Amino acid sequence: MEDKNSMNIESRIADFLAGQCSEKERQELQTLLERDEEAARLMRRMSAVWAVASLPAFVGKEEENLSKIKRQVASEKPKAMRISGRRRRMVAWLATAAAVALLLVSNTLWYHHSKELTRAYMAAETPYEIKVPASSRTKVTLPDGSVVTLNAGSTLRYARSFGIDNRNIWLDGEGLFEVEKDKERPFTVHTEDVQVQVLGTVFDLCAYSGDEMVTVALVEGCIAMKTPRGTRLELKPDEMASYDRRTGKVVKARTDARRVGDWTDGGLTFDNTPFEDIARKLERKFQLKIHIGSERLKRECFSGCFDRDQGLDDILREINVDGRYTWHRKDGTITIMDKAKHSY
């Protein structure tokens, strides 16, 4: 890229990161990044600095970290430098993007030691963490441009080096992933048990730490799922893999990819899911506790789709289509029992 083009791309990327570009401008930038590897590298570098500067966990440590860098700078011999107009413009962007840049003693110091600053933040132990409250959902754009929609009660973590040296993230919960392609850096999702690795694709991964089943369903592209016992499954679109944490068994089956993201709009979809796992989903969605007093119901599996307007009682009535169970509410808890043994 020539210098003039580079300045234009820097400005467009800065607008995107600041949320100040239109949908058309976003699509044009996406097209550019897909065909221009140098522009894509610039995007990864600027996104990493943006993510570093935005980390709330480090706001209280910025002066401490910068003091260390300044002491290191003072111990080195100064070098003559020529500051280009392009770099002056880069500082203007960084000044608006990151409070850390404003703490530096001079622009020259920023230019000369920007790599040391970035490394210092990326080497910090505390990762960037996103937690989603109960009955909520949130959409996150990662530094590499990938988008993750997180379900209620989910936690997503990634290190400061994400998108630079690797694309590793950690998930406890459920996420719908729209992954940007990067052949040099495979995108890997780590859970308590399994790993899912992709290059660029769309898939749903559900791996709440308290659930018995871990499921991954593929919408488009290709993914590989690896279990703690070394089992590796490759999935194609409209396929789903389920991992049973109790037995270590993995099952692959067909699914409807159009429904795997229903929850992002407030709906619920179950595909041969144990009721114990369904109950946890209902607890997270409706912010209550469900006590299952029926051993038969705990083991029973259900499939079905529910839209966001259907309430908890509607869903329970659909599940109880054979009339074998009954339930009642008390103090924010729903208790479900075998109908033959109890009546209310």
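1. Let me start with the overall figures. The accessible surface of the protein chain comes to about 18,500 Å², and carbon and sulfur atoms account for 46% of that area. Please keep in mind throughout that this is a predicted model. The chain has 344 residues, of which 46% are buried. Its secondary structure amounts to ten helices and 18 strands. If we take contacts between residues at least 6 apart in sequence, 52% of them join residues at least 24 apart.

2. The largest nonpolar core holds 30 residues, and the members touching the most others are Leu142, Ile169, Phe177, Phe187, Phe203, Leu205 and Val216. Apart from this core lies another one, of 19 residues, including Ile278, Phe306, Ile319 and Ile334. As background, nonpolar side chains in soluble globular proteins tend to be buried together.

3. Phenylalanine 203 deserves a look of its own. Which residues does phenylalanine 203 contact, leaving aside its neighbours within four places in sequence? Its partners are Gly175, Leu176, Phe177, Val179, Val189, Val196, Val198, Val216, Ala217, Leu218, Val219 and Ile223. Phe203 also belongs to a cluster linked by ring pairs, together with Tyr128, Tyr158, Phe162, Phe177 and Phe187.

4. On aromatic pairs, a search of the whole structure finds seven. One of them joins tyrosine 128 and tyrosine 158 in an edge-to-face arrangement, with 5.3 Å from centre to centre and 90° between the planes. This pair links distant parts of the chain, 30 residues apart: tyrosine 128 sits in strand E1 (residues 128-131) and tyrosine 158 in strand E4 (residues 155-158). Are these two tyrosines buried or partly exposed? Tyrosine 128 has a relative accessible area of 25% and is partly exposed, whereas tyrosine 158, at 4%, counts as buried.

5. Another edge-to-face pair is formed by phenylalanine 275 and phenylalanine 302, at 6.0 Å centre to centre and 75° between the planes. Phenylalanine 275 is in helix H8 and phenylalanine 302 in strand E16 (residues 301-306), so the pair ties together parts 27 residues apart in sequence. Phenylalanine 275 is buried, with a relative accessible area of 0%, and phenylalanine 302 counts as buried at 12%.

6. With strand E7 (residues 195-198), E10 pairs in the antiparallel sense over four bridges. Four bridges also join E10 to strand E11 (residues 232-235), and that pairing is antiparallel too.

7. Now to a three-stranded sheet. This open sheet has the order E15-E18-E17, with mixed pairing. Why is one side of E15 and of E17 left without a neighbour in the sheet? Strand E15 (289-292) and strand E17 (325-330) stand at the edges and each has a single partner strand, so one side of each has no neighbour there. On average, neighbouring strands of this sheet are turned by 20° against each other, direction ignored. E15 pairs with strand E18 (residues 333-338) in the parallel sense over four bridges, and isoleucine 290 has isoleucine 334 as its bridge partner in E18.

8. Two helices go with this sheet. Helix H8 (residues 275-286) packs on the sheet and touches E15 and E18, its direction making about 160° with that of E15. Helix H10 (residues 312-319) lies across E17 and E18 and runs at about 160° to E17.

9. Finally, I would point you to glutamate 212, in the loop between strand E8 (202-207) and strand E9 (213-220). Is this glutamate buried or exposed? Its relative accessible area is 15%, and because buried means under 20%, glutamate 212 is buried. Not counting residues up to four places away in sequence, glutamate 212 touches Tyr243, Asp244, Arg245, Arg246, Glu276, Asp277 and Arg280. Aspartate 277 is 65 residues from glutamate 212 along the chain, and their C-alpha atoms are separated by 6.8 Å.

Conventions. Residues numbered from 1 in each chain as written. Predicted model: local features only at pLDDT ≥ 70, side-chain atom pairs only at ≥ 80, totals over all residues. Heavy atoms only, no water. Core = buried A, V, L, I, M, F, W, Y, C linked by side-chain atoms within 4.5 Å. Buried < 20%, exposed > 50% of the residue type's maximum accessible area, 1.4 Å probe, protein only. Contact = heavy atoms within 4.5 Å. Pairing = 2+ DSSP bridges. Axes fitted to C-alpha atoms, helices over the stretch in contact; angles between N-to-C directions. Areas by Shrake-Rupley, 256 points an atom, 1.4 Å probe, with all protein chains shown as cover. Phe/Tyr/Trp six-rings, centres within 6.5 Å; stacked < 30°, edge-to-face > 60°.
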